[in-house]
Amino acid sequence: MTLDKDTANTSLVTRWLLAAGLTSLLLRFWIATTFPITGDEAFFYWWGVYPDWGYSDHPPMVGWLIALMRATFGDSLWSIRLPVVLLPLGLGAAMWWGLKGVDRARAAWGVLFFWLAPLNWLNTLITTDTPLIFWSVLSVAALMRAERREQMDRAAYGLYALSGLFLGCAFLSKYFSVVLGLTYLVYFALYRRQRLAGFALLVLCALPGPAINIAYNMSHGWSNIMFNVYNRNEAEVFEWRKPLTYIGMMVYLITPAAVWMAFKYRKALVATARDASPVLRLLACLVVVPLLFFALLSAKKVIGLHWVLSFYPFGFALLAFALPLDKLRATAIGLAVFAGLHVLLVAGLYTTTLETWRTVSPLSKLYPQVIRSYKTAEILKQIDSPGVVLMAESYTPASLYGFERRQYMPVFGVGRFHARQDDMLVDFSLYQGKTIRIITAGPPDPDEFKPYFESVRVLNFMQNDVPFYAVEGTGFKYEAYREGVLGTIFKRFYNIPSALPMTGCPFCERYCGQVRCSQTPAP
C-alpha cells in the first residue's frame, strides 16, 4: 500500500513538473517576443555591443552573455532575452542535481514549488541578475554534491573546485555573490569544520573572478566601487518603510500559500534545518543567512525585489523537504492558484489597446511611457534629421532610443549616479561645433542649455496625443560643457578615495589628461 502511494505521488509530481515547465516556458517566450524592451535592458544591450572586462555599474557577465546571444542568434530582442526565458529550467535542473541524492521525490517537489512561483511565469527581462542567479545556483548544486561525498576523495575535491569556479563567475555577474560566499563561510564554520580543506579549495578557485574585477576597477577609476559603495548610498537613512517594504516583498515572493505552510509547519522547518544531513543544513543556511543579511540592510536601504533572487529557489526546496508528505500537493495547488491569478492579469493587459491606456485610470498615468516604448520609431522619425546628433537627458530614454536606432545615444548633462557608462564611452570634444538635439522628459528650460551652444531653440511634437520635447542647440561649445557639466560630474561622481590605487580612469584622462585628477584640474 505504501509503495503504491509513493508511486502515485511520484507520478503526480512528474505530471505537474511537465505541465508547469512547458506551460511557463511558452508563456515566457510569448512575453519575451511581444513586450517592448525596458530601459535597463536597453542599457545592458550596449554592454553586449561593446564587450569589456567590466562596466560602470557592475561586473561584466551580463554583457558577455548578451554578446554571446547576439553572435549566436542575431541582434534581436528575443535573442538577448533567451537566457532568462530558459533560466527557470536550468535552475530546476541544477536544484534536482544537487538535492536528488537526499530524497528524489522531495527534490522534485522543491523544483515544482519553485517553477510555480509567479516570477518564473512572467519574468523575461535580461538583467545583471540573470547570470548571477544561474551561477549561484550551479555553485550551490556542486557544493551539495561535494557534501554528499562520504570521503574527501578526488571527486569531492573536484566538486569543491567546481563550486568555487561557479562562485567566481557569480562574482563577475554581481556583487551580491558575496552574500553567497558569506553563507558558505557560516555553514562551514558552524557545521563542517572537518572539511575546511574543501572550503579553502572552493575559495581558491573563486579568486580569479575578484582578481579580474579588481584589475578592471584599478584601470577604470574604481567605477564599480564608486557606484555600489559611495555614490548610490550618499542619502541613505533609516526609515520604517524600508524594513516593512522588505517584509511585504518577501511575503509576495515566497507567495501567501508557501508563507502560510511555512508558518503552520514551522516546527518541521526547524527540525529539517537541524537534520544531520549536511545538505539540509546547507539548504537551511542558504535561506536563513541571506534573509537576515537583507533584513539588516533594509534598515537603511530599500531592498530591491531582484536582490534576493539568487537565493530564492532554496526557500522552496527547504519547504518541500520539511512539509508532511500529505501537504505537498495542497501547497502546490496554492502556488498554482497564485500563479494563475498573475497569468490572468497579464492576459487581461494583453487584451488592452493604446486607447485603453490613454483613457482608463490608473493605466492612463503610464500612457506616456507606453507610447515611448511602443512608438519609439515614430518618435525618432519626428526628431531625427541629417547632420544632427541625437542625445537624451537621462540614460533610460537614451538607451531606448539608441536601441531602436542601433546607434549609441549619449546622455547630455550631469545625469545621476546610475549609468555612468557614458563617462567611459563618450568623448564630448568630438561634438565641438555640431548641432545637437537633446530629447527631454518634459518642457525644457532653454536657459539651462544656452551656455553650451551658440544658439538654442525648443522643439515640441505630438505622438499619439502625448507631447514630446527636445532642445536643438547649434554650435556646441565643448570647453563650456567641460567646465559646467563635466566639472560637476567629476566633483560629484569621481571623488575617488586616495587609498585606492589606480592605473587608469577613462573619464579623468579625457577630462584632465591624468589618471587621477585634482579637485581643480587645469584645462
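1. Accessible areas here come from the Shrake-Rupley method with a 1.4 Å probe. On that basis, the chain has an accessible surface of about 23,800 Å². Carbon and sulfur atoms hold 63% of that surface. Note that the model is predicted.

2. Next, the overall fold. The chain contains 25 helices and four strands. Its radius of gyration is 26 Å, close to the 24 Å that the globule rule gives for 523 residues, so the chain is as compact as a globular protein of that length. Along the principal axes, the C-alpha atoms fill a box of roughly 85 × 55 × 45 Å.

3. Residues 24 or more positions apart make up 74% of them.

4. Rolling a probe the size of a water molecule over the atoms shows where empty space is left. Three cavities of 30 Å³ or more turn up in this structure. The second largest cavity holds about 70 Å³ of space.

5. What lines the second largest cavity? Ten residues do. Phe43, Tyr395, Ser399, Tyr408 and Asp422 lie nearest its centre. By class, the lining divides into eight nonpolar residues, one polar and one charged.

6. Which helix gives the most to this lining? It is α22, with three residues. Both α2 (39–49) and α22 (395–405) supply at least two residues each to the lining of the second largest cavity.

Conventions:
Residues numbered from 1 in each chain as written. Predicted model: local features only at pLDDT ≥ 70, side-chain atom pairs only at ≥ 80, totals over all residues. Heavy atoms only, no water. 1 Å grid on protein atoms, 1.4 Å probe; cavity = no way out; pocket = protein on both sides within 12 Å on 5 of 7 lines; lining within 4 Å. Points joined across faces, edges and corners; volume = space filled by probe spheres on them. Nonpolar A, V, L, I, M, F, W, Y, C, P; charged D, E, K, R; others polar. Rg over C-alpha atoms; globule rule 2.2 N^0.38 Å. Contact = heavy atoms within 4.5 Å.
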